[in-house]
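Me: I'm new to reading protein structures. Could you walk me through one, feature by feature?

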Amino acid sequence: ITTMFSLIAMISDSVRKFMINNIGIMLLMLLLVIFLPCVIVCCNGQMREFPKNYIILGIFTLAESYLVGFICAFTKPEVVFMAASMTFVMVVTLTLYAMTTKTDITMYGGLIFILVAALFLFAIFGIFIQIRLFHVILALIGVILFSIYIIYDTQLIMGNRSEMIEVDDYILGAFILYTDIINLFIELLRIIRYFYDSS
């Protein structure tokens, strides 16, 4: 769904114009992307109830897809293709590593969370800092942290580690892995766009 939204937004001029002329929709999608993860993570019992869990995950996926499509619509297609290709290769590689390594990454969940929280705070301060290199370094750190999160969340889903999610939490598993992959893609897109625009 996210790939489809992104492709349509990049190819179609009418979709791009619609997105520009209807910023309110983009803001609504942004609010959903902020609000729905709280519902998914905090209301664990609700997220085990069919079909409510699929509906909430579906709405989140559509909202996130719209936002990613919005970003891709205003990025050169070759930059999006490079970022998507790199994301695909990295996700496959990291997943294979998570499945085959004997190292249990799940016991470092607290540390990984602290590092991502620090990255988030630096990103907020980055709004006021107009130095492009600062943003590239932040994006590079983001790539590293979200790569670690992909390994961590894959091991949570697989089980047989010190921490794992329950079988009934398949929606939570899909949600966390999806957001890791999207965040990795966006950070790679920021880095490639910086070097592409600089050349």
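Reply: Happy to! Keep in mind that this is a predicted model. Let's begin with a pocket and the helices around it. In the largest pocket, α8 gives the largest share of the lining, 13 residues.

Me: Which other helices supply at least two residues of that lining?

Reply: Along with α8 (170-198), they are α3 (23-42), α4 (52-73), α6 (109-126) and α7 (132-158). The volume of this largest pocket is about 1,900 Å³. Its lining has 43 residues, and those closest to the centre are Val-116, Phe-120, Phe-146, Asn-183 and Glu-187.

Me: How do the lining residues of the largest pocket divide into nonpolar, polar and charged?

Reply: There are 32 nonpolar residues, 4 polar ones and 7 charged ones in that lining.

Me: What about the second largest pocket: how much space lies in it?

Reply: About 400 Å³. It is lined by 17 residues, with Thr-2, Thr-3, Ser-6, Ala-84 and Phe-185 the closest to its centre. Here α5 brings the largest share of the lining, 6 residues. The helices that each give at least two residues are α1 (2-11), α4, α5 (77-100) and α8. By type, this lining has 13 nonpolar residues, 4 polar and no charged.

Me: Now for charges. How should I read a salt bridge, and how many does the structure hold?

Reply: The general idea is that side chains of opposite charge can pair when their charged atoms come close. This structure holds 2 salt bridges. In one, the side chains of Asp-13 and Arg-16 meet at 2.6 Å, N to O. In the other, Glu-187 meets Arg-190 at 3.0 Å, again N to O.

Me: How far apart along their helix are Asp-13 and Arg-16?

Reply: They sit 3 residues apart in helix α2 (residues 13-21), so about one helical turn separates them. Glu-187 and Arg-190 are also 3 residues apart, this time in helix α8, and about one helical turn lies between them.

Me: Are the residues Glu-187 and Arg-190 buried or partly exposed?

Reply: Read the relative accessible area against the cut-offs: under 20% is buried, over 50% is exposed, and in between is partly exposed. Glu-187 has 11% relative accessibility, so it counts as buried. Arg-190, at 30%, is partly exposed.

Me: What should I look for in a nonpolar core?

Reply: In soluble globular proteins, nonpolar side chains tend to be buried together. Here the largest nonpolar core has 54 residues, and Phe-175, Leu-184 and Phe-185 touch the most other members. Helices α1, α3, α4, α5, α6, α7 and α8 each supply at least two residues of this core. Its largest share, 13 residues, comes from α8.

Me: Which residues does Phe-175 touch, leaving out those up to four places away in sequence?

Reply: Phe-175 touches Pro-37, Ile-40, Val-41, Leu-57 and Phe-60.

Me: Let's finish with a loop. Where is Glu-49, and how far is it from Asp-168 in sequence and in space?

Reply: Glu-49 lies in the loop between α3 and α4, and it is partly exposed, with a relative accessible area of 36%. Glu-49 and Asp-168 are 119 residues apart in sequence, while their C-alpha atoms are 9.4 Å apart in space.

Technical notes. Residues numbered from 1 in each chain as written. Predicted model: local features only at pLDDT ≥ 70, side-chain atom pairs only at ≥ 80, totals over all residues. Heavy atoms only, no water. 1 Å grid on protein atoms, 1.4 Å probe; cavity = no way out; pocket = protein on both sides within 12 Å on 5 of 7 lines; lining within 4 Å. Points joined across faces, edges and corners; volume = space filled by probe spheres on them. Helix = DSSP H or I, 4+ residues; strand = E, 2+ residues; numbered from the N terminus. Nonpolar A, V, L, I, M, F, W, Y, C, P; charged D, E, K, R; others polar. Salt bridge = Lys/Arg side-chain N within 4 Å of Asp/Glu carboxyl O. Buried < 20%, exposed > 50% of the residue type's maximum accessible area, 1.4 Å probe, protein only. Core = buried A, V, L, I, M, F, W, Y, C linked by side-chain atoms within 4.5 Å. Contact = heavy atoms within 4.5 Å.
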